[in-house]
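Work through the exercises below with the sequence and the 3D structure at hand. Each task is followed by a solution in steps.

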Amino acid sequence: MSVHGALENLVVLDLTRVLAGPLCGALLGDLGATVIKIEVPGRGDDARAYGPYRNGESMYYANLNRNKTGITLNLKQPEGKELFLRMVRKADILIENYRPGVMDRLGLGYDVLKEENPRLIYAAISGFGSYGPYAQRPGYDIISQAMGGLMSITGPKGSDPTRSGNAMGDILGGMNLTIGVLAAVNARTITGHGQRVDVSLVDSVVFSLENAFIRYTESGKLPERCGNAYASIAPYDSYRAADGYAVIACGNQKLYEKFCNDILRMPELIDDPRFATIPLRVQNNEILKQYIEKWTCTRKVKDIVAQILADGIPAGPINDVSQIMEDEHIARAREMFVTIQHPVIGEMVVNGDPVKLMETMPTIRKPAPTLGQDNEAFYCDELGLSKEQLAQLKEKGIV
């Protein structure tokens, strides 16, 4: 394995707050980029106020801001703007998640910054994007899940619209921002100049709906909430066991026939006119589920999964968080939870990186910074300010 990081030649200015933007910054940092987290003096990222806390520090913030250098800067003051422009001249990427137009009103929008650094990649994420009738609306994850359609298809059949159990709009947005940044980096090697990247939480959620729109445009019928079932494949659902639930996924006809013959011992279900094809099984999924649960309800989850997997059919338990964190594949082999040492929080667990590059593996090299932790090292060593100058700027509320 190489000692290099895949993005170690890139410098990122991270002006983002809360989740979607900071997630992008963390992913870039995991991949080796130098990420400089710039926060408002005295207050910092809004997420510093989000629990859970340990020793007065937000663990929510700490998970999303590892591998970053932490400084403070007041962009509303002329001296703060000048310091920021000095950073921009040396940077490769800037990420921000202000409402569209805020950076322009500060005199620090893309049109200004590209004059300072034509190679700068300016990446912005917001609720609705930088143009269109809704561009000025405030956006949060739950708004994106609602307006992007995800809530309309999530939840048990006949239930109220349901938000995903995690901040899916923010997570999808952060990942799409990362993809956009990396695409722009490659484009820069072709064109020689940077560009704007514009990502919307709502767009990200809409894109995630995959075949819901195809089904609607083809049939004219609105997709309905169907619990853990899938609108295009059956059996592909959760099934009640003696001690919980297991999921079974027969994604093609061969797997379904094998499941009926080898597991259920009910070959008659293969030619049953209600279940003969995938569309028919989807249409009659609730009836088919009753047959399957007669088998699963008499067995424990562990035994169901083991028997089905032994026959080459996809299946798995529905894990809770404690089970995931003890899983030998997910937690240990794939290292999806990493223990780090934070200067205030102490030992804590953060999310591992889902991207595995076999030669330049992402790493978590340092914990999230405390507010303004790196001011002296950055401003004095990187920008050449004296300690006296830095003290004066602090006195004025610039840093």
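**Exercise 1. Are R48 and E57 buried or exposed, and which network of salt bridges links them?**

Step 1. Both R48 and E57 are buried, where buried means under 20% relative accessible area, exposed over 50% and partly exposed in between, with a 1.4 Å probe and protein chains only.

Step 2. R48 and E57 form a salt bridge, with 3.8 Å between the closest N and O atoms. A salt bridge is a side-chain nitrogen of Lys or Arg within 4 Å of a carboxyl oxygen of Asp or Glu.

Step 3. The network of salt bridges consists of E39, R48 and E57.

Before going on, note the basis of these values. The model is predicted, so local features need pLDDT of at least 70 and side-chain atom pairs count only at pLDDT 80 or more, while totals for chains, interfaces and linings use all residues. Residues are numbered from 1 along each chain as its sequence is written, and side-chain values use heavy atoms, with hydrogens and water left out.

**Exercise 2. Which residues of helix α8 are buried, and what covers them?**

Step 1. In α8, residues 201-208, the buried residues are L201, V202, S204 and V205. They cover an arc of only 160° around the axis, which puts them on the same side of α8; the arc is that of the directions from the helix axis to the C-beta atoms.

Step 2. A general rule applies here. An α-helix has 3.6 residues a turn, so residues three or four places apart point the same way.

Step 3. The cover of these buried residues includes α1 (20-30), β7 (121-126), α6 (141-147), α7 (168-191) and β8 (196-200).

Step 4. Next come the two ends of the helix. The N-terminal end of α8 is capped by S200, which has a side-chain oxygen 3.1 Å from the backbone nitrogen of V202. After α8 comes E210, with a positive phi near 35°.

**Exercise 3. At what angle do the axes of α7 and α8 cross, and which residues make the contact?**

Step 1. The axes come within 8 Å and cross at roughly 100°. That makes α7 roughly perpendicular to α8, a class that runs from 65 to 115 degrees, with under 35 roughly parallel, over 145 roughly antiparallel and the rest oblique.

Step 2. From α7, the contact is made by G169, D170, L172, G173 and N176; from α8, by L201, S204, V205 and S208. Contact means heavy atoms within 4.5 Å.

Step 3. M175 is also placed in α7. M175 is partly exposed, at 35% relative accessibility, and touches L23, L27 and P354, not counting residues up to four places away in sequence.

Notes
Helices (H or I, at least four residues) and strands (E, at least two) are DSSP runs, numbered from the N terminus. A polar contact is a pair of N or O atoms within 3.5 Å; within protein, one must be able to donate a hydrogen and the other to accept it, and residues adjacent in sequence count only if both atoms are side-chain atoms. Axes are lines fitted to C-alpha atoms, for helices over the stretch in contact, and angles run from 0 to 180 degrees between N-to-C directions.
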